[in-house]
Amino acid sequence: MTRPLDGWLAWGSLVTMLLALLGALLFAQTEQVMGPIQRIFYVHLPLAWIGFVAFGHACWAGIQYLRTGRRGWDAAGASAAEIGVLFSTLVIVTGSLWARPVWGTWWTWDPQLVTYMILWLIYVGYLMLRSAAGDDPRRARFAAVFAIVGFVDVPLVWFSARYLRALSPVIFTTHSIGLAPSMAQALGVGLVAWSVFYALLFRARLRLGLLEMQVAGLADEAG
Amino acid sequence: MAYLFWAYSLVWVGIFLYLYSLARRSRALERQVAELVERSRGSARTQAPAGGRRAGGGPS
C-alpha cells in the first residue's frame, strides 16, 4: 500500500468534509415542513450508504477469503465490518435524534428501522465472533460465512422502505431524486466526502490488521 | 437546533473515539514489536558465547 495515496486521501477527505459541512448547514435550502432539523439528513444518509458499502466490502472479502484462503482477505473483511458497524451505529444515533422532534419518538418499530437494527446486530455479532473465537483459520472461515450471510439483510433494508409501509421517506426512485437542487448537491458532496473518508479509514484499519496478524505470527514463532 | 447540534457533534465524537482506539491499538502493537526485538536480541546474546566456545576449540 502506498503512503502518498493516503496523503491524497487525507487532504481530499479534509476538503470534501469541510465542503459537505458547509453544504449541509449553509448551502442547502431549509426544508419547509421539518425546518433546520432536516439538515441531519446530509450526514445520516451518507453514513447509511457508506455503511452498506462497508458491509458489501466485508461480504466481498469473505467470498474472496473462502475462494483463496489468503489471510489478507480476512483482515480486509474485519476492517470493513468494523467501520460498517461504526457508521451504522452513527446512523442509528442520528436517526433517533432526527426522529425525536419529527415523529415524536426516539424509536419506532418501522420495517426499515427494524431491518436496519437487525443488520447492525448481525455485524456486531460478527465482530464478537471474531474477538471470541481465537486466532485460527476456522475463525476466519466462520467470519467469512457470517459476513456473506449478513449482507443478505442489506437489500431487505433498502426495499423495506419501498414495499412495506415504512415511515422513512424514499428519496431515490428509478425516475428522480425527490430533493430540491441545492439539497441534492449538498447530499452529493456529503456522499463523496464520506466515501473518501471511508477509503482512508479502511486503508488505515487494514494496515493495522495486517500488522497485528504479522506480529501475532512472529510472537507464536518466538514462543 | 439542539438536535441538529447533537447529531453532528456525536458523529464526530464517534469518529474521533474510533480513531483514538486505532491509535491505542497501534501503540500496543509497537510495544509488542519492541518486546519481540528485545527477546530476539536476548536469545542472540545467549547463543553467541556458546558459538564462540565452539569456534575457540573444544576438548580435543
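pLDDT is the predictor's confidence in each residue, on a scale from 0 to 100. I begin there, colleagues, because the structure before us is a predicted model, and one stretch of it calls for that definition at once. Over residues 52–60 of chain B, pLDDT stays under 50. Where pLDDT is low, the predicted coordinates should not be read in detail.

Let me place that stretch in context. Chain B averages a pLDDT of 80, and 78% of its residues score at least 70. For chain A the average is 89, with 91% of the residues scoring at least 70. Within chain A, the highest mean pLDDT among the elements, 95, belongs to helix H2, residues 41–68. The lowest, 83, belongs to helix H6 of chain A, residues 153–163. As for the model as a whole, ipTM is 0.87 and pTM is 0.86.

I turn now to the architecture of chain A. Which elements does chain A contain? There are seven helices and zero strands, and from the N terminus the order reads α-α-α-α-α-α-α. The radius of gyration of chain A is 19 Å, close to the 17 Å that the globule rule gives for 223 residues, so chain A is as compact as a globular protein of that length. Along its principal axes, the C-alpha trace of chain A spans about 65 × 40 × 30 Å.

Two packed helices are described by the angle between their axes and the distance between the axes.

The crossing is right-handed. On the H2(A) side, the contact includes Tyr42(A), Pro46(A), Trp49(A) and Val53(A); on the H7(A) side, Leu187(A), Gly190(A), Trp194(A) and Tyr198(A) are among the residues involved. By class, this contact has 14 nonpolar and two polar residues, and no charged residues.

Next, H3(A) and H4(A). Here the axes come within 10 Å and cross at roughly 140°; the two helices are therefore oblique to each other. H3(A) passes H4(A) in a left-handed crossing. Among the residues that H3(A) brings to this contact are Ala78(A), Glu82(A), Val85(A) and Ile92(A). They belong to a set that meets residues of H4(A) including Trp120(A), Tyr123(A), Leu127(A) and Arg130(A). The contact of H3(A) with H4(A) divides into ten nonpolar, three polar and two charged residues.

H4(A) also packs with H5(A), residues 137–150. How are these two helices oriented? Their axes come within 10 Å and cross at roughly 175°, and that makes H4(A) roughly antiparallel to H5(A). From H4(A), the contact draws on Ile122(A), Tyr123(A), Tyr126(A), Leu129(A) and Arg130(A). From H5(A), the contributors include Arg139(A), Phe142(A), Phe146(A) and Gly150(A). By class, the contact of H4(A) with H5(A) has eight nonpolar, one polar and two charged residues.

Finally, the interface between the chains. How many residues does each chain give to the contact? Chain A gives 23 residues and chain B gives 19. Helix H3, 71–103, and helix H7, 181–222, of chain A each supply at least two residues of the side that touches chain B. That side of chain A has 17 nonpolar, two polar and four charged residues.

Thank you for your attention.

Methods. Residues numbered from 1 in each chain as written. Chains lettered and ligands numbered in written order. Predicted model: local features only at pLDDT ≥ 70, side-chain atom pairs only at ≥ 80, totals over all residues. Helix = DSSP H or I, 4+ residues; strand = E, 2+ residues; numbered from the N terminus. Contact = placed C-beta atoms within 7 Å. Nonpolar A, V, L, I, M, F, W, Y, C, P; charged D, E, K, R; others polar. Axes fitted to C-alpha atoms, helices over the stretch in contact; angles between N-to-C directions. Parallel < 35°, antiparallel > 145°, perpendicular 65-115°, else oblique. Left-handed = near helix turned anticlockwise from the far one by under 90°. Rg over C-alpha atoms; globule rule 2.2 N^0.38 Å.
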